[in-house]
Amino acid sequence: MIKKINQMISQGQMIQLSEYLQNINPVDISKLLMELSSKDLILTFRLLPKDKAAEAFSYLDKEYQMKIIEKITDSEVEEIIEQLFLDDTVDFIEELPSNVVKKVLRNTSQEKRNLINQFLKYEQYSAGSIMTIEFVELKENMNVKDAIASIRHTKLDKEIIETCFVIDKNRKLKGSISLQDLIVSSDDTSISKLTDTNIVFTTTTEDQEKVATLFKEYDLICMAVVDKEDRLVGIITADDIIDIIEKENTEDFQKMAAMKPSEEPYLKTPVLELAKHRVIWLLVLMISATITGSIIKKFDEVIQSVVILAAFIPMLMDTGGNSGSQSATLVIRGLALGDIQIKDYLKVMWKEFRVGLVVAFVLAVVNFLRIYFLESTDIMVTLTICISLFFTVIIAKVTGSILPIIAKKLKFDPAIMASPLITTIVDTFALIIYFSLARVFLGI
C-alpha cells in the first residue's frame, strides 16, 4: 500500500491518490502517513477530505501531529481542530511545546478554546481529564418526538448517540435512555417514563484506573461524568478506556521488571532516558543483594566443611524467587482487575500456603530422587537440600502473595512488589533456612 502511494506521488497522480485515500480507513491512513517523508506527509495529508483528515490526525503519534501543525496554514489548523472531538484535542495539546500550542489555540474558536482551557485544569489521570463533552443530552420534560428531533439537530457530531443522557432543568443527571427505546416508543411518551435511573456514573475527580475498573465490571460502552453538584458535565467512552488500560498494563509490566515507567514508545525513547529508568532500581536491588552476601559470609564455616552445599545455592535461590514471582504476578493482576481486595489477605495467604505445600512437596521429592540417586550425594546433604527447598518454596509463595497487598494498603503500586524485589527477599530467607538446617543435619 505504501509503495503504491509513493508511486502515485512520484508520478504526480494527485487526483488518483486523493480518490485512493478516500476508500481507506482513517486508522490505516495514519499508519501510512507515518511511513512517508516529511514532505510527502504534508502533501498526502492535504489531499484528505476534512472529516477524514481530522480523524486520521487523531491517530497519529505526537511527533507527526507536530510536523503537520507546524507546516500547514492557520486556516488548515482551524479546520482540523474544529473537526476533532474535544477530548482528542485536549490529549493532543497537552503534549505539545508552547509555540505549537499557541498556533493551535490562535486558530480555535473562542468557545472551544474556553472548553480546552477548562479541561486542562482537571488533574492528570482523573476522569475529568479524559472525558468528552460530545454526547447527547435530553431534558426529562421532553417527549419522544421532541427527543428525536433534538438528536437529529445534533447532526450526529457526537462521539456516541446510542446512549442518551437525561438531565433536569438544573442539568443534574437523572439517568439514561437508549436510542433503541426512543425509536420504538410512541411520539407522545414522556422521556421520564423511559429513563433508566439506575446507571453507573463517576465524578470529575475520580482516578481513571478506578473508572476503567467500573467499565469492566459493568460492561459499559460509555459512562456519565458529573461534578460535585451532580451536574452532567461529560461522558467517558470505551475507546478512551481501552487506551488507559493499555497504558496501565504497560506501566505495571515496567514496574514488575524493576524499571521506572516511561510513556514514550521504546524505539523513540533516548538511550540515556532508558538507562535512567532502569539504573535506580538496579542499584537498589544490587545493594540489597549484599544482604545475601553477608549471610553466606556468616555461614562460611558451613560451606568450608561441606563444599558441595555451595553447588546447590543457585538452584535453591532461583526456585524460591520463581515461586514467589508466580504468586506475586497472580495477586498483582487480581488486585488490578478487582478480583482481590485488601480485606482478602488472609484468604490469599491461606490459598497460597496450600498451593505452596503441594508445589514444595513435588519439587522436594523430584530433587531428592535426582540428587540422591543420580548424583549419589550423601543422604544427610540431600535431606538438607530438599527440606530447605520445601520450606523455601512455601515461604516464597506466602511472601509473594502478601507483599503486593501490603503495598496496596500503603497506597503504593502493587507492581513494585514484583519479581526482582521478591527474589531478593526470598533469597535471604532461603539462605538462612539452608545453612541453619545444614548445621542441624550435618552437625557443623
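Two strands count as paired if DSSP finds at least two bridges between them. Helices (H or I, at least four residues) and strands (E, at least two) are DSSP runs, numbered from the N terminus. Keep both ideas handy for the first stop.

Before you click anything: this is a predicted model, where local features need pLDDT of at least 70 and side-chain atom pairs count only at pLDDT 80 or more, while totals for chains, interfaces and linings use all residues. Residues are numbered from 1 along each chain as its sequence is written, and side-chain values use heavy atoms, with hydrogens and water left out.

**Stop 1: the sheet**

Select 135–139, 160–167 and 173–178. Here three strands form an open sheet, ordered S1-S2-S3, with mixed pairing. Strands of a sheet pair through backbone hydrogen bonds, either parallel or antiparallel. Which strands sit at the edges? They are S1 (135–139) and S3 (173–178), each pairing on one side only.

Now look at the two pairings in turn. S1 and S2 (residues 160–167) are parallel, joined over four bridges. Find Leu-138, which stands opposite Val-166 in S2. S2 and S3 run antiparallel, with five bridges joining them. Cys-164 stands opposite Ile-177 in S3.

Next, zoom in on the hairpin of S2 and S3, which has five residues between the strands. Arg-171 takes a positive phi there, near 70 degrees.

**Stop 2**

Select helix H4, residues 38–46. Which of its residues are buried? Asp-40, Leu-41, Ile-42, Thr-44 and Phe-45 are. Buried means under 20% relative accessible area, exposed means over 50%, and partly exposed is in between (1.4 Å probe, protein chains only). Those buried residues pack against H1 (2–10), H2 (14–22), H3 (26–33), H5, H6 (62–71) and H7.

Now pick out two of those partners, H5 (residues 50–59) and H7 (residues 74–83). They pack at an angle of about 75 degrees, with axes 9 Å apart. H5 and H7 are therefore roughly perpendicular to each other. The cut-offs: under 35 degrees is roughly parallel, over 145 roughly antiparallel, 65 to 115 roughly perpendicular, and the rest oblique.

Show the side chains: Lys-50, Asp-51, Ala-54 and Phe-57 in H5 meet Glu-79, Ile-80 and Gln-83 in H7. Sorted by class, this contact has three nonpolar, one polar and three charged residues. (Ala, Val, Leu, Ile, Met, Phe, Trp, Tyr, Cys and Pro count as nonpolar, Asp, Glu, Lys and Arg as charged, and the others, Gly among them, as polar.)

**Stop 3: H17 and H18**

Jump to residues 271–288 (H17) and 290–298 (H18). Their axes come within 4 Å and cross at roughly 15 degrees. H17 and H18 are therefore roughly parallel to each other. Met-286, Ile-287 and Ser-288 of H17 make the contact with Thr-290, Ile-291 and Thr-292 of H18; contact means heavy atoms within 4.5 Å.

Stay with Thr-292 in helix H18. Is Thr-292 buried or exposed? Thr-292 is buried, at a relative accessible area of 10%. Leaving aside neighbours within four places in sequence, Thr-292 is in contact with Met-317, Thr-424, Asp-427, Thr-428 and Leu-431.

**Stop 4**

The unreviewed UniProt entry places "transmembrane region" at residues 279–296, 353–373, 379–403 and 415–437. UniProt positions use the numbering here, feature names are shortened, and annotations may be inferred rather than shown by experiment. Select 353–373: that span is 100% helix and 0% strand, with its end C-alpha atoms 29 Å apart.

**Stop 5: two loops**

Most residues other than glycine have a negative phi, and most peptide bonds are trans. Finish with two positive values. Ser-376 lies in the loop between H21 (345–374) and H22 (379–409), and its phi is near 55 degrees. Ser-376 is exposed, at 61% relative accessible area. Lys-411, in the loop between H22 and H23 (419–442), has a phi near 70 degrees. At 77% relative accessibility, Lys-411 counts as exposed too.

Terms used
Axes fitted to C-alpha atoms, helices over the stretch in contact; angles between N-to-C directions.
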